[in-house]
Amino acid sequence: MDVKMPQLGESVTEGTLGRWLKQVGDPVRKYEPIAEVITDKVTAEVPSDVDGRMAEHYIAEGTTVAVGTLICRIETLNEENTGSQPTSSSVPADSPSKASLTSTLNEDRHQVEKKANSRSLGRYSPAVLRLAEEHQVDLRQVMGSGEGGRITRKDVLAFIEQGSQPSMAIPETKQTELSSAVPSSAKAPEHSQPAAAEARATENGDYTVLPATPIRRTIARRMLESKRTAPHAWTMVEVDATSLVRYRDRQKKGFVEREGVSLTYLPFFIKAVANALRQYPMLNAAWVDDEIRLMKNIHISIAIATDDALVVPVIHHADRLSVTGIAHALNDLATRARNGKLTMADMEGGTFTVNNTGAFGSILSQPIINQPQAAILSVESIVKRPMVMDDDMIAIRHMVNLCLSLDHRLLDGWVAGQFLKAVKEQVEQAGEHLTLG
């Protein structure tokens, strides 16, 4: 039975083979995980659909390939007992690599040609046309990444940055996918394993070279894309969290006894953010293909650090949950994130991101926007500081900074400031308007 790279989500077009969990020759049980796949959203295990034996690996660990690419073959018990060979749709007996390679190459070339044809016949947005005219770009030479091969403003900017080199040929990423799809037996010896699979920490003079893991490379690519795509602006408000600290102190002991999870500060901030997003829905929007999409649901993405990466699972319909409900959702996501048990459903649909940088003592930060969302909020550490009160008396208060990075294409300072003011007012009234219920 052939096993192909699964599509782990609607928007996912490729995956990286992070680790083989079954080696060639190993017995495989139905539903048993055979490989670990990494996408830009989640790390997931690929289960077997049959009982059998791992017959062959077609791509090496660390290789990124397109969804649908053949990654391995499992010899089923029927095949093993009868000695029958795989069907021609998988790998022929006389040449286990040629037919697969030819089919893959033809299919991918067809997709590239189809994209080029749809691009030449398609319509361009005013922003794309204006940018192309300013920089004398022939749009027929630009490879579109939008739906149906549509050329976006980002594609034109990337084309300009590359020195306006024609991209009608198969792009580098596609060439990598085609190369990776070739079984190792069909490749020349010097190319039989990707560099990523052989990479090891090496000493070089005064420093050590550490190979980037697949998930680290994915994070790097997404962060760079966000900074290139969105004009980041940044603003901050200072919040007196004394009422919140006192309210939580009164509630935390009974809460853990009653609910079985600890009561941290983060659920309160998430609830305040969700309420503020209902007041200022432009913060709950996204810039996609030169249009603004105002999201109807409030799904809060939460940045969670694991041992080797940063994942961003989602609390769906956060505005419908109480602080108690959010606390349970946070505990569940954090536990599964650190155990590598998050699913694609946990990662999809986020409309706004909250980052708890205060957990490691930070008091000021400038987070990078989680594209294509409009903004991201960092909750910094709550610290005691002397403050001048309304009656000109000095008092020790629990203060926290809320830092907001925003996409200046669709958000301006005024609405961002009003949003932060709404969050601030709720936090400062914890115990009255911001409670566990």
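This is a predicted model: local features need pLDDT of at least 70, side-chain atom pairs count only at pLDDT 80 or more; totals for chains, interfaces and linings use all residues.
**Exercise 1.** Find how many aromatic pairs the whole structure has, and classify the pair formed by Y247 and F268.

*Solution.* Step 1: a search of the whole structure gives two aromatic pairs. Step 2: the ring centres of Y247 and F268 are 6.0 Å apart, with the planes at 85°. Step 3: an angle over 60 degrees counts as edge-to-face, so this pair is edge-to-face. Step 4: Y247 belongs to helix 8 (residues 242–259) and F268 to helix 9 (residues 266–279), so the pair ties together parts 21 residues apart in sequence. Both Y247 and F268 are buried.

**Exercise 2.** Describe the aromatic pair of F352 and F419, and state which parts of the chain the pair links.

*Solution.* Step 1: the distance is 5.5 Å centre to centre and the planes are 55° apart, which makes the pair tilted. Step 2: F352 is in strand 17 (residues 352–355) and F419 in helix 12 (residues 413–428); the pair links distant parts of the chain, 67 residues apart. Step 3: F419 has a relative accessible area of 0%, so F419 is buried.

**Exercise 3.** Name the ring over which the charged end of R248 sits.

*Solution.* The ring is that of Y265, with the charged end of R248 at 4.4 Å from the ring centre.

**Exercise 4.** State how many disulfides the structure holds, and decide whether C72 is buried or exposed.

*Solution.* Step 1: the number of disulfides is zero. Step 2: C72 has 0% relative accessible area, so C72 is buried. C403, at 0% relative accessibility, also counts as buried.

Conventions
Residues are numbered from 1 along each chain as its sequence is written. Side-chain values use heavy atoms; hydrogens and water are left out. Rings of Phe, Tyr and Trp (its six-membered ring) pair if their centres lie within 6.5 Å; planes under 30 degrees apart count as stacked, over 60 as edge-to-face and the rest as tilted. Helices (H or I, at least four residues) and strands (E, at least two) are DSSP runs, numbered from the N terminus. Buried means under 20% relative accessible area, exposed over 50%, partly exposed in between (1.4 Å probe, protein chains only). A charge sits over a ring if NZ of Lys or CZ of Arg is within 6 Å of the ring centre and within 35 degrees of the ring normal. A disulfide is a pair of cysteine sulfur atoms within 2.5 Å.
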